Amino acid sequence: FAGGTTDIYPFTHRYGGCVLNAAINRYVKGKLVSTVDNTKLSYDADIPTGSGLGTSSAMNVVWLGLVSQIKDKKKIADTVYRLEQDMGIVGGKQDQYAAAFGGINFLRFEKDKVVREQLNLDKKVLKNLQSSLFLLYVGKPRYSSRINGLVINNLKRGQKNTIDALKNIKEIAFEMKESLEMGNLKRFVRLMNEEWINRKRLHPMVTNPRLDRLIRLGMENGASGAKVCGAAGGGSILFYCENKPKVINKLRHEKIIDFKFDFNGLIIKEVG
């Protein structure tokens with residue numbers, strides 16, 4: 001929902017970051033089969049990679065959960081993050097925590113420390129929020145590490161516009177959390193739009209004419225909020241609209257991803 005990129009070093013160490021995110025019921029499923037002769041690991045994902053929805057980190061969380069003896073979800077999330085850093089991926093920690101824990105999370109990043117708070121929203125607020133959201137997968141491959149790298153380079157160079165936008169994005173995450181806890185969804189969706197305005201300030205590659213056109217089409221036909229997920233540049237657009245069928249009908253030629261929130265996170269099952 002908000003705060004992405006503020007979970008990436010060195011912003012976490014200079015200013016402290018925070019993210020408001022949610023896990024959804026689009027899963028990565030893995031299977032580990034060991035025999036006397038070999039071991040086979042297979043994956044199946046019901047959402048495309050490059051969607052801006054944390055699929056890559058979810059796959060890594062599943063992999064580590066299957067091949068290691070680690071049971072603690074926080075340790076799994078932190079270990080996956082360290083492995084991704086060793087691989088040269090420019091990214092943060094929010095995806096790993098969402099995949100491991102599930103739920104709607106408010107995550108604070110204080111240098112290397114992560115403080116997780118799971119929001120327990122009023123049932124009516126949760127129902128209204130979920131019924132008003134859907135995702136639009138734009139189908140264009142999106143390379144988050146590259147875009148994150150460009151943004152972080154701007155941060156390291158001290159580019160004021162980037163730093164100010166990241167600080168605003170961080171503050172918006174706090175305000176969105178507060179809005180959900182108060183049940184003020186009108187304020188929530190207004191802040192969602194503000195997040196996207198500030199995210200576009202991070203780098204020209206964050207948006208493009210196609211993303212702008214699809215967001216405009218949705219907003220002209222009843223959506224009250226829209227933002228691109230992840231590092232942006234492509235992937236998935238999150239729409240907020242009280243009359244969801246009307247907006248979906250206007251965007252029916254694109255790939256619609258309807259969803260519900262997931263509150264389980266990583267589940268490991270042993271089968272005999």
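Reader: Let's start with helix 4 (residues 94-101): is it largely enclosed or open, and why?

Author: Buried means under 20% relative accessible area, exposed means over 50%, and partly exposed lies in between (1.4 Å probe, protein chains only). Helices here are DSSP runs of H or I with at least four residues, strands are runs of E with at least two, and both are numbered from the N terminus. In helix 4, six of the eight residues are buried, so the rest of the structure largely encloses this helix. Those buried residues are Q94, Q96, Y97, A98, A100 and F101. One caution: this is a predicted model, where local features need pLDDT of at least 70 and side-chain atom pairs count only at pLDDT 80 or more, while totals for chains, interfaces and linings use all residues. Residues are numbered from 1 along each chain as its sequence is written, and side-chain values use heavy atoms, with hydrogens and water left out.

Reader: What covers the buried residues of helix 4?

Author: Look for contacts, meaning heavy atoms within 4.5 Å. The cover includes strand 1 (17-22), strand 4 (104-110) and strand 5 (113-118), along with helix 2 (55-67) and helix 3 (73-86). Just after helix 4 comes G102, with a positive phi of about 70°.

Reader: How do the axes of helix 2 and helix 3 cross?

Author: Axes are lines fitted to C-alpha atoms, for helices over the stretch in contact, and angles run from 0 to 180 degrees between N-to-C directions. These two axes come within 10 Å and cross at roughly 115°. On the helix 2 side, S57, N60, V61, W63, L64 and G65 meet I76, T79, V80, L83 and E84 of helix 3.

Reader: Now helix 7 (residues 160-182): how far does it reach from its first C-alpha to its last?

Author: The expected span is 1.5 Å times one less than the number of residues. Helix 7 has 23 residues and reaches 33 Å, close to the 33 Å expected. Its buried residues include T162, I163, L166 and I169. Just after helix 7, G183 also has a positive phi, of about 75°.

Reader: How many disulfides are there?

Author: A disulfide is a pair of cysteine sulfur atoms within 2.5 Å. By that rule the count is zero. For C18, the nearest cysteine sulfur is that of C229, 17 Å away. C18 is buried, with a relative accessible area of 0%.
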